[in-house]
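Student: I would like to learn how to read a few features of a model like this one. Could we go through it together?

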Amino acid sequence: MREFHFEDILMGSDLLLHGLTITIGMSVIVIVLSLLFGTILGVLRHEGPVWLARIVALVVEFVRSIPLILFMVFVHYGLMYAINSMLGRDSSFLESAIIALTLFEAAYIAEIFRGGLRSIQTTEREAASSLGLTYMQRLWFVFLPLAYSRTIPALIGQFISLVKDTSLASIIGVTELTRQGEILYQNTFHDFEVLVFIALVYFIICFSLSRLSRRFEFGSRPEQTLTVAAVQG
């Protein structure tokens, strides 16, 4: 019968804690940046001029068609290598991973957000126009809140995938949680215990995000958006 050596987790707690810090740090930074850039791309693709919308669509579809693991390699050994060579500085594994994940996630968020903007009915747009708001005011106070409130489940699902996808950053040398776990069980030769612990940590993080999304879903009230816009206008 197999013996379980969960004491390895305590022995390697420093390694695992360091990896967890990098994983959470990467996730938070990428979530913020990808949400920002994804929103901009989604707005440009849906609300922008036809020529600009087509360019954005081409970029988004190009990024979405490449596997993330390959995209990370291309960004680190291609894009970031060229940029760092021009700047005369060394490449950073963590920097390359954050940039690659941000660009990759922004492409998916752009499509999610474009769907949110498409869900806004003509009557809702006309109601916003009747308030005498400028286009930017309608976009900021009406369209964006409506789109966000309707895409919360999809956005949170994408962020949960992002947390798990940070494990792929080890392919370019980032010592995040999964990679630190590999280092630990290569030294102890007890892989099952370490992998169970890592899986449990990912579950706790992702389950917490899922529960958080439920709070946002119940807390958002799109029907109040026009009222808020009227006050702001």
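This is a predicted model: local features need pLDDT of at least 70, side-chain atom pairs count only at pLDDT 80 or more; totals for chains, interfaces and linings use all residues.

Student: What is the mean pLDDT of the protein chain?

Tutor: The mean is 88, and 91% of the residues reach 70 or more. Take care over residues 222-233, where pLDDT stays under 50.

Student: How many salt bridges does the structure hold?

Tutor: Eight. Start with a general idea: an α-helix has 3.6 residues a turn, so residues three or four places apart point the same way. Now the case here: Arg114 and Glu111 form a salt bridge, at 3.1 Å from N to O. They sit three residues apart in helix α5, so about one helical turn separates them. Glu111 counts as buried because its relative accessibility is 15%, under the 20% cut-off. Both residues also belong to a salt-bridge network with Arg45, Glu61 and Arg64.

Student: Which residue forms a salt bridge with Arg125?

Tutor: That is Glu47, with the closest N and O atoms 2.9 Å apart. This pair links distant parts of the chain, since Arg125 lies in helix α6 and Glu47 in helix α2, 78 residues apart. Arg125 is partly exposed at 22% relative accessibility, and Glu47 is partly exposed at 21%.

Student: Where does helix α4 bend?

Tutor: At Tyr81, by about 40°. The buried residues of α4, among them Phe71, Val75 and Met80, pack against α3, α5 and α7. Just after α4, Gly88 takes a positive phi of about 70°.

How values were computed: Residues are numbered from 1 along each chain as its sequence is written. Side-chain values use heavy atoms; hydrogens and water are left out. The bend at a residue is the angle between axes fitted to the seven residues ending there and the seven starting there. Helices (H or I, at least four residues) and strands (E, at least two) are DSSP runs, numbered from the N terminus. Buried means under 20% relative accessible area, exposed over 50%, partly exposed in between (1.4 Å probe, protein chains only). Contact means heavy atoms within 4.5 Å. pLDDT is the predictor's confidence in each residue, from 0 to 100. A salt bridge is a side-chain nitrogen of Lys or Arg within 4 Å of a carboxyl oxygen of Asp or Glu.
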